[in-house]
Every structure is written in C-alpha cells, then in structure tokens.
Amino acid sequence: MSTTSVELEPESVAQPGTARTVGTGIAPHKPDNELKRGLSSRHLQMIAIGGAIGTGLFVASGGTISQAGPGGALAAYALVGLMVFLLMQSLGEMAAKIPVAGSFQTFATRFVSPSFGFAIGWNYWFNWAITVAAELVAAGIIMDFWLPGVPGWIWAGIFLVVLTGLNALSAKSFGESEFWLSLIKVSAVVLFLIAGVLMIVGILGDSSPGLSNWQNREDVFHGGWVSIISVFMIAGFSFQGTELVGVAAGEAKNPRREVPRAIRNVFWRIMIFYIGAIFIIGCLIPFADPSLLASGEADVASSPFTLVFERAGIAFAASLMNAVILTAILSAGNSGLYASTRMLYSMAHDGKAPKIFGRTNSRGVPIPALLATAAVGLFGFLSAIVGQGAAYAWLLNVSGLCGFIVWAGIAISHYRFRRGFLAQGNKVSDLPYRASFFPIGPLLAFAVLILVIAGQNYEAVVAGRGMEVLSSYIGLPIFLGLWLVHRFVTKSKVVPLLEMDLAAPQDVEVELASKS
C-alpha cells in the first residue's frame with residue numbers, strides 16, 4: 001500500500017475499526033476525533049487492580065464464608081481466580097497486538113462477526129452505564145452512615161457531577177483520579193492483611209484463635225459442593241472489572257509494553273488480596289458468627305474488615321471502612337463511566353452507534369458519548385422513588401450477567417484470533433504477548449462461564465421467584481436479541497480466518513516501524 005508524507009501527532013490514537021498496513025518510513029494522515037494516549041504505566045496498573053477490589057471484597061466476602069465456610073469460600077475464589085487468569089491472558093494477547101479503546105467489541109467484530117461485535121459492544125456499554133447508576137445509589141446509602149438526614153438522591157447527583165467532570169478533563173485526569181482512589185483501596189487491604197497476620201500470631205488483639213477455625217472439616221467446607229458453587233457465582237461478580245485494562249489499552253502511552261506488564265502483575269496481586277483476606281477472616285471470625293451474614297453497603301459496621309480492625313484495637317474502624325467503601329464505590333463509578341464512554345465512542349467509529357458519539361474535544365475526550373452515558377446515571381435518582389436498597393439491588397442484578405457475557409466473548413474472540421493469526425502466515429513468536437495455555441485457556445474459561453451464566457441465580461429459579469429471576473437473567477435475552485436482530489438486518493456472517501483484520505492502530509504501528 002502506498003503511503004503519504006504527513007506528520008503524526010505522537011499521542012493521537014487512530015480511529016478504531018480501520019484496517020491499515022504500515023511499512024517503514026510511514027507518515028500517515030491524521031484524522032479528526034481521536035483519543036489521546038495519556039495513560040502511563042502506573043495508571044494502567046492501578047486501573048486493573050482497582051477494577052477488581054470493591055464491595056465484593058470489603059463487605060460480601062463475609063457472607064461467602066458464612067455460606068460455604070472458610071475453606072469453601074477460599075476454593076471458590078481460587079477457582080474463579082484461575083478462570084480470570086486465563087481470560088486476562090486471552091485479553092492481553094489481543095490487546096497488546098491491537099490496543100484499541102473498543103477492545104472487546106472490536107475483537108468480537110474482527111474475529112467472530114460484526115453482529116457478535118455489535119451485541120458485545122452494546123452489552124458492555126449497558127453493563128457499565130447501569131453499574132454507574134447502581135454505584136450512585138450505593139454512594140447515597142454509604143453517606144447515610146454519616147449524614148442520615150440528607151436524601152440519597154442529593155449525594156447521587158453530587159457524585160455524578162464530580163465523576164463526569166473528572167472524565168471530561170482528559171484520559172490522564174481519569175487515570176490520575178483512578179490511581180489515587182485505587183491506592184486507598186489497596187492500602188486498606190494491605191493494612192488489613194498486616195493487622196490480620198499480627199492478630200493470628202498473637203501480637204495484636206486480646207487473644208488469638210490461631211488456626212482453630214480450620215480444624216473441623218464440616219465447618220471449613222460448610223454445605224459442601226452446593227455452597228461452594230453458590231459462592232462461585234458471587235466470586236465471579238467480585239472479579240468483574242479486571243477487563244478494564246483492555247479498554248484502557250486504547251489510551252495507554254506504550255500499550256505493547258504496559259498491557260502485558262499490567263496483566264502479569266495485577267492478577268497475582270489481586271489473588272493475594274482476595275485469598276489472603278478470606279484466609280485471615282476465616283482464621284479470626286468463626287463462619288457461624290451472625291455478623292458475617294451482612295452483605296450490603298448499609299452493613300458497613302458488620303463488614304469483616306470492620307470487625308477485624310475493631311478487634312485489633314483500631315479506633316473508629318467503622319468510620320474508616322465506611323470511607324474506604326465509599327472510595328471503592330466512587331472508583332467503580334469512575335471506571336464505569338470511562339469504560340462505557342470509550343465503548344460508545346468506539347462503536348460510533350465502527351458504525352454501530354450514532355456518529356455523534358464518535359466526536360472528541362481538543363483534549364481527546366468523547367464528550368457526547370460521556371454525556372449520554374452520564375445520563376444513564378440519572379437512574380441513580382430511582383433511590384428517591386423506590387428506596388435506596390431496592391434500586392441498588394435491581395440495577396446491580398440487571399447489569400450483573402452482562403459482565404459474564406463479555407468475558408465469554410473475550411474467550412471466543414481469542415480462540416478465533418489465534419487461529420486467524422496463524423492462518424495468515426504469522427508465527428506465535430511475532431505476538432507482543434502470548435497466552436501460555438492456548439487453546440485450553442480460552443476453551444476452559446468459556447466452559448466455566450457457561451456454567452456461571454446458567455446457574456448464577458438457580459436458587460431463585462427453583463424457588464419460583466419470578467421478578468428475581470427476571471432481573472438476574474434479563475441480560476441474556478437482551479444480548480441474544482441484539483445479536484440476532486443485527487444479523488437479520490445486516491446479513492453479516494462469521495469472518496473467515498484469512499479475512500480477519502489484524503491491523504493495529506496506526507500510531508502503534510508507526511512507533512514500531514520507527515524502532516525497527
């Protein structure tokens with residue numbers, strides 16, 4: 001392909017979905033409405049870590065131990081962690097080769113079919129846009145701990161404005177805010193792990209139970225396999241957000257170096273946090289302790305983290321954990337607003353959403369997509385109508401399944417990507433990052449995800465709780481409907497292996513060519 005001699009702005013990101021071939025001496029055309037690569041290595045690391053540390057760890061972890069015992073909870077989280085590890089390897093291989101903001105929908109479009117990509121993209125946008133609304137409701141619940149007289153919808157509005165403002169400044173401002181929000185969460189977990197170990201060995205607290213809570217097999221694995229499977233579903237929700245690094249790759253300064261580094265380092269850190277925290281909670285709090293049954297934001301005083309800090313003699317433990325949980329909620333809302341905005345932007349450039357959402361300002365921020373996504377956050381004001389707890393539970397259930405569907409899409413896309421990459425005459429050694437366990441990795445992850453999707457709320461199905469079943473599974477018919485309707489209208493077919501578009505964004509290829 002012939003090329004022209006026009007300068008490229010260093011931090012511009014080429015529009016997603018455009019196939020390009022790059023050779024030595026390229027100086028490509030600079031299109032309008034580009035994102036800008038403003039996310040550094042530390043931003044990417046914290047975005048990936050922070051995405052998986054939230055209320056699932058700080059609050060709901062106690063409920064999992066109460067349900068399945070410490071050993072059962074530990075086994076469930078370890079198994080989910082293995083699945084997530086395989087998925088992140090799959091995502092890392094594709095995102096390092098083709099670092100675009102569209103990430104999952106771009107990969108699904110290029111390597112499976114345009115209709116599959118259409119459904120994945122809108123599904124992911126819906127997932128995080130609704131999550132933003134749910135987190136706004138949760139923020140109102142948390143603020144009620146300190147200021148019970150202030151209506152929750154006021155806090156939802158304030159936090160929505162703050163998060164929208166941070167995202168409107170630049171990708172760097174989002175990355176910086178997410179770095180500090182995540183750092184607070186990580187620091188709280190590290191402090192918890194240190195305090196817990198000191199309590200187990202008898203240095204902190206009045207008395208140490210040691211490993212006595214792990215001696216009775218029936219208590220350690222309370223409820224057997226049925227309980228472990230139930231906790232497996234909860235653990236899956238807790239890990240959702242680790243895939244954010246794939247979206248952030250589209251605005252990373254050096255994605256082919258930083259994306260693999262983030263995925264390699266982050267997984268093990270997250271596993272240490274989760275496995276370490278559950279082990280410590282299991283040691284210090286008996287699984288039958290009624291305090292562990294708490295699982296919502298309003299139960300911060302009964303959070304296992306709060307209980308352990310109190311028993312360690314740390315003053316104002318409840319207020320401390322309330323602040324940390326608020327930080328986790330704002331971090332989730334901040335990341336959700338960013339991820340869904342970039343997905344809507346990417347779909348607009350790929351012709352899967354109105355073109356107006358593909359426009360950016362001079363700082364590379366897709367303002368129309370941001371405002372449209374923030375508008376969905378107004379659902380947070382449902383708290384003023386139906387009650388904070390009811391609104392939060394409904395919104396969270398509606399969006400929960402969507403994350404698992406996206407994960408399944410990542411596994412399918414990677415399986416076909418690697419086959420197409422080799423079919424077009426490339427070698428595995430040419431990849432910037434290689435998934436170690438292909439093809440077993442994506443196939444095993446996909447199989448596990450099908451089980452999770454099918455059984456995520458089987459208890460409601462068995463009990464015949466119709467509205468709960470509807471809110472839990474509604475994401476599946478929505479996804480299938482989007483896929484099939486788009487396929488019927490556009491007549492799109494599965495992309496042949498030899499016709500897959502494996503081209504990376506132009507700025508990444510130019511940088512690589514300049515170093516060769």
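1. Contact here means heavy atoms within 4.5 Å. The note concerns a predicted model, in which local features need pLDDT of at least 70, side-chain atom pairs count only at pLDDT 80 or more, and totals for chains, interfaces and linings use all residues. Residues are numbered from 1 along each chain as its sequence is written, and side-chain values use heavy atoms, with hydrogens and water left out.

2. Overall composition. The protein has 21 helices and two strands; helices (H or I, at least four residues) and strands (E, at least two) are DSSP runs, numbered from the N terminus. Of its 516 residues, 59% count as buried, where buried means under 20% relative accessible area, exposed over 50%, and partly exposed in between (1.4 Å probe, protein chains only). The protein exposes about 20,000 Å², of which carbon and sulfur atoms supply 66%. Accessible areas come from the Shrake-Rupley method with a 1.4 Å probe, and for residues only the protein chains shown count as cover. Among contacts between residues at least 6 apart in sequence, 82% join residues at least 24 apart.

3. Helix α14. In this helix, which spans residues 367-376, the buried residues are A369, L370, T373, A374 and V376. Seen down the axis of α14, these residues fall within an arc of 145°, so they line one face of the helix; the arc is that of the directions from the helix axis to the C-beta atoms. An α-helix has 3.6 residues a turn, so residues three or four places apart point the same way. The cover over the buried residues of α14 includes α5 (114-143), α6 (152-169) and α13 (317-349).

4. Residue A129. This alanine lies in helix α5 and is buried, with a relative accessible area of 1%. Leaving aside neighbours within four places in sequence, A129 is in contact with S340, T373 and V376. T373 and V376 are among the buried residues of α14. The C-alpha atoms of A129 and S399 are separated by 8.8 Å, although the two residues are 270 residues apart along the chain.

5. Aromatic pairs. The structure holds 21 aromatic pairs. Rings of Phe, Tyr and Trp (its six-membered ring) pair if their centres lie within 6.5 Å; planes under 30 degrees apart count as stacked, over 60 as edge-to-face and the rest as tilted. One of these pairs, Y77 with F239, is tilted, at 6.3 Å centre to centre and 50° between the planes. Y77 lies in helix α3 (residues 60-97) and F239 in helix α9 (residues 224-239), so the pair ties together parts that are 162 residues apart in sequence. Both Y77 and F239 are buried. Separately, F58, F192, F305 and F309 form one aromatic cluster.

6. Charges over rings. A charge sits over a ring if NZ of Lys or CZ of Arg is within 6 Å of the ring centre and within 35 degrees of the ring normal. R42 lies over the face of F179, at 4.6 Å from the ring centre. The charged end of R418 sits over the ring of F438, 4.5 Å from its centre.

7. Backbone geometry. Most residues other than glycine have a negative phi, and most peptide bonds are trans. The peptide bond from F438 to P439 is cis, with omega near 0°, and P439 is placed in the loop between α16 (388-423) and α17 (440-455). K491, which is not a glycine, has a positive phi of about 60°. K491 lies in the loop between α20 and α21 (506-515) and counts as exposed at 57% relative accessibility.

8. Q240 lies in the loop between α9 and α10 (244-248) and is buried, with a relative accessible area of 15%. Not counting residues up to four places away in sequence, Q240 touches G51, A52, G400, G403, F404 and W407. V485 is found in helix α20 (residues 475-490) and counts as exposed at 52% relative accessibility. V485 and A119 are 366 residues apart in sequence and 9.5 Å apart in space, C-alpha to C-alpha.

9. Cysteines. A search of the whole structure finds zero disulfides, a disulfide being a pair of cysteine sulfur atoms within 2.5 Å. C283 counts as buried at 0% relative accessibility, and C402 counts as buried at 0% relative accessibility.
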